[in-house]
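Biologist: I would like to learn how to read a few features of a structure, starting with a single side chain and its surroundings. Could we begin there?

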Amino acid sequence: QFADDSNFLLSDQSLENLMKRANTELKKVIEYFESNKLLVSKHKCSYMIVKPKPRMEIGETELFMGNDKMQKVDTLKFLGILIDENLNFDKHIEKVISKLRSGIGALLRVKHTLNYKSKHLIYMGLFKSHLDYCFVVWGDKISIGQMKELSILQKRAVRLLFSARYNSHTAPLFALSGITPIEEMFKKESLIFMSKYLSEKQPKAFKAIIGDLREPSKLRDSMKKTFKINSKFKKGNLFYEMLSNWNTCDQKFRDTKTPREMKKLIKEHIIEKNRHFECPHKKCFSCKQSKVKNQKTQIN
């Protein structure tokens, strides 16, 4: 009987008009809930204002749920994603980092007791699931510092899968496991998204945002082309970044006919890239240790 996880979106060019309209709409919402015998936990209701400019000053605002004043917050949870008032996803990335650290803890506990397949299942359930969830939404907002931290955590997890040394190179391990390095993930998700979009396997709502990039009867020829990015998308916008990744990727990716073929090709490309990794350092301690280990194995 509870009206659980209800979200309402409203926009206006004027903050004053926005608040008036919001209070009017909330009265209708309360009437609807009461008419349909739905209960509302008013103390749990909150609202957030997304400002046109991050540094823009917002004065006092008031919204009411019935006779109760609603709490104003700077972060909201929507379908498992933490969205903040500046739309930079810092809070969500912090949450993901916290979850990944927990996954690392689980892998540390079973490092010497479980085999690779069992540890891989733990990685998929407690690490990859948090990293992958809606990555295309927040992946392009990761700062350099956050990317470094996420990369370190992922590399540590991959080393634990193989019980490798703490300083061993991870590129061969990524190739063996088929895991995508986080640095490659946004580009991968962008190409898969665009492949689905051009194959008309994405929700129609995206068409209203991106526009029609191709003629319906020329799918194969269209996917080989690059597309002019709409001037309404600026650098830093999600769709701008996805279209840029599509335009700058190798021709072989745009030649794919289906999203399934795209996924397979990307996986093969990443594995091949990591397999042919060459250490840039001449006197690398990790390479030296690996060479000594291989020599001992041959002697034994």
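Modeller: Leaving aside neighbours within four places in sequence, F174 is in contact (heavy atoms within 4.5 Å) with Q154, K155, V158, I179, P181 and N274. This is a predicted model, in which local features need pLDDT of at least 70 and side-chain atom pairs count only at pLDDT 80 or more, while totals for chains, interfaces and linings use all residues. Residues are numbered from 1 along each chain as its sequence is written, and side-chain values use heavy atoms, with hydrogens and water left out.

Biologist: How far apart are the C-alpha atoms of F174 and N274?

Modeller: They are separated by 6.6 Å, although the two residues lie 100 residues apart along the chain.

Biologist: Is F174 buried or exposed?

Modeller: Buried means under 20% relative accessible area, exposed over 50%, and partly exposed in between, with a 1.4 Å probe and protein chains only; F174 counts as buried because its relative accessibility is 4%.

Biologist: How should I read a pair of helices?

Modeller: Two packed helices are described by the angle between their axes and the distance between the axes. Here, the axes of helix α2 (residues 90–109) and helix α3 (residues 116–132) come within 8 Å and cross at roughly 170°. That makes α2 roughly antiparallel to α3, a term for angles over 145 degrees. Axes are lines fitted to C-alpha atoms, for helices over the stretch in contact, and angles run from 0 to 180 degrees between N-to-C directions; helices are DSSP runs (H or I, at least four residues), numbered from the N terminus.

Note on methods: Helices (H or I, at least four residues) and strands (E, at least two) are DSSP runs, numbered from the N terminus. Angles under 35 degrees count as roughly parallel, over 145 as roughly antiparallel, 65 to 115 as roughly perpendicular and the rest as oblique.
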